[in-house]
Amino acid sequence: MAFLPKMQSKMGIMAMLMLPLLLLGISGLLFIYQEVSRLWSKSAVQNKVVVIADAISGLGKECARVFHTGGARLVLCGKNWEKLESLYDALISVADPSKQTFTPKLVLLDLSDISCVQDVAKEVLDCYGCVDILINNASVKVKGPAHTISLELDQKIMDANYFGPITLTKVLLPNMISRRTGQIVLVNNIQGKFGLPFRTAYAASKHAALGFFDCLRAEVEEYDVVVSTVSPTFVQSYHVHPEQGNWDNSIWKFFFRKLAHGVHPGEVAEEVMRTVRRKKQEVLIANPIPKAALYVRTFFPEFFFAVVACGVKEKLNVPGEG
């Protein structure tokens, strides 16, 4: 009878010893997976010509850093030459001499100026004679009641968020089709899936862009050109942090606060790299709350609209919010 307690005691000690070993083994496997994934990401863009449409934005800078480290031949576009040069200097200064990297090329481009986009797009193509990966990440935001937003501002938002990216894409696309290779990445927004109050122009431009690239994906599949859309909530500014406010006092605000706070540009840039590497067609970067909102919008639209309408009424009745 004394044999049983001894046996159980030995088994308990073995279990206690096995648990740390098991955790260590899992940690080791995760580390190996991350390293292999990182090396795979770099090899996916090594020597590839990568065009970043708005390289001077927070997201653009992070994408430039990630793809430059991966050995891509970068073409950095932006509407401010001084900021482009500053980014150029930053990339060159941190480049690892032991790893192969390429000197970025700079192109002055304002996607909201449609009259110039086509000519500048040809200049982008002339940098290397081809484009392997196009990252359409330019975006202009506006917030306010629809009746206070002028038609001129509506058009400006549509030019920057829709007509600019599709004009750039249309100039570069024939080169990809003729070479039967290439990838176009649209960094859009979850509001391309559903709109929120006081963002009519912004949501409309994001819906339009998503619709265009969804259609384009099917059209160019036979030419082995991949079209990917990456839709985060909002991309945070480097220097802007979520305000505390009275979020907890509002069910609607609690439901949507993650939509407003968004994700860090670095996280989105890493996801763009993974999207390129895996050739994903559609990626949604959001926590469970926005994903649940999208589900509710799809299957229970009446409930979704009722919640949003309550949020608007509450906002209009909160003193000091206007």
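Analyst: Helix H2 gives the most to the lining of the second largest pocket, with three residues. Helices here are DSSP runs of H or I with at least four residues, strands are E runs of at least two, and both are numbered from the N terminus. A pocket is an open set of points on a 1 Å grid over the protein atoms alone, where a 1.4 Å probe fits, with protein on both sides within 12 Å along at least five of seven lines; lining residues have an atom within 4 Å of a point.

User: What sort of model is this, and how is it numbered?
Analyst: The model is predicted, so local features need pLDDT of at least 70 and side-chain atom pairs count only at pLDDT 80 or more, while totals for chains, interfaces and linings use all residues. Residues are numbered from 1 along each chain as its sequence is written, and side-chain values use heavy atoms, with hydrogens and water left out.

User: Back to the pocket: which helices supply at least two residues of its lining?
Analyst: Those helices are H2 (58–69), H5 (151–179) and H6 (200–220). The lining of this second largest pocket has 32 residues, and Asp 54, Ser 57, Gly 58, Asn 137 and Ser 139 lie nearest the centre.

User: What is the volume of the second largest pocket?
Analyst: Its volume is about 680 Å³, taken as the space filled by probe spheres set on the grid points, which are joined across faces, edges and corners.

User: How do the lining residues divide by type?
Analyst: There are 14 nonpolar, 10 polar and eight charged residues in the lining of the second largest pocket. Ala, Val, Leu, Ile, Met, Phe, Trp, Tyr, Cys and Pro count as nonpolar, Asp, Glu, Lys and Arg as charged, and the others, Gly among them, as polar.

User: H2 also holds His 68. Is His 68 buried or exposed?
Analyst: His 68 counts as buried because its relative accessibility is 3%; buried means under 20% relative accessible area, exposed over 50%, and partly exposed in between (1.4 Å probe, protein chains only).

User: What surrounds His 68?
Analyst: Beyond neighbours within four places in sequence, His 68 is in contact (heavy atoms within 4.5 Å) with Leu 74, Leu 91, Ala 95, Thr 101, Phe 102 and Pro 104. A polar atom of the His 68 side chain lies 3.3 Å from the backbone oxygen of Phe 102.

User: Changing topic, which residues of H4 are buried?
Analyst: They are Val 117, Val 120, Ala 121, Val 124 and Leu 125. The cover over these buried residues of H4 includes strands E1 (49–52), E2 (73–78) and E3 (105–108), together with H5. As a general point, an α-helix has 3.6 residues a turn, so residues three or four places apart point the same way.

User: And where is Thr 229?
Analyst: Thr 229 belongs to strand E6 (residues 225–232), and it counts as buried because its relative accessibility is 0%. Not counting residues up to four places away in sequence, Thr 229 touches Leu 186, Leu 210, Phe 213, Asp 214, Arg 217, Gln 281, Glu 282 and Val 283.

User: Which loop holds Asp 224, and what is its phi?
Analyst: Asp 224 lies in the loop between H6 and E6. Its phi is near 65 degrees, a positive value in a residue other than glycine. Most residues other than glycine have a negative phi.

User: What about Lys 279?
Analyst: Lys 279 has a phi near 55 degrees, also positive, and sits in the loop between helix H8 (265–278) and strand E7 (282–285).

Terms used:
A polar contact is a pair of N or O atoms within 3.5 Å; within protein, one must be able to donate a hydrogen and the other to accept it, and residues adjacent in sequence count only if both atoms are side-chain atoms.
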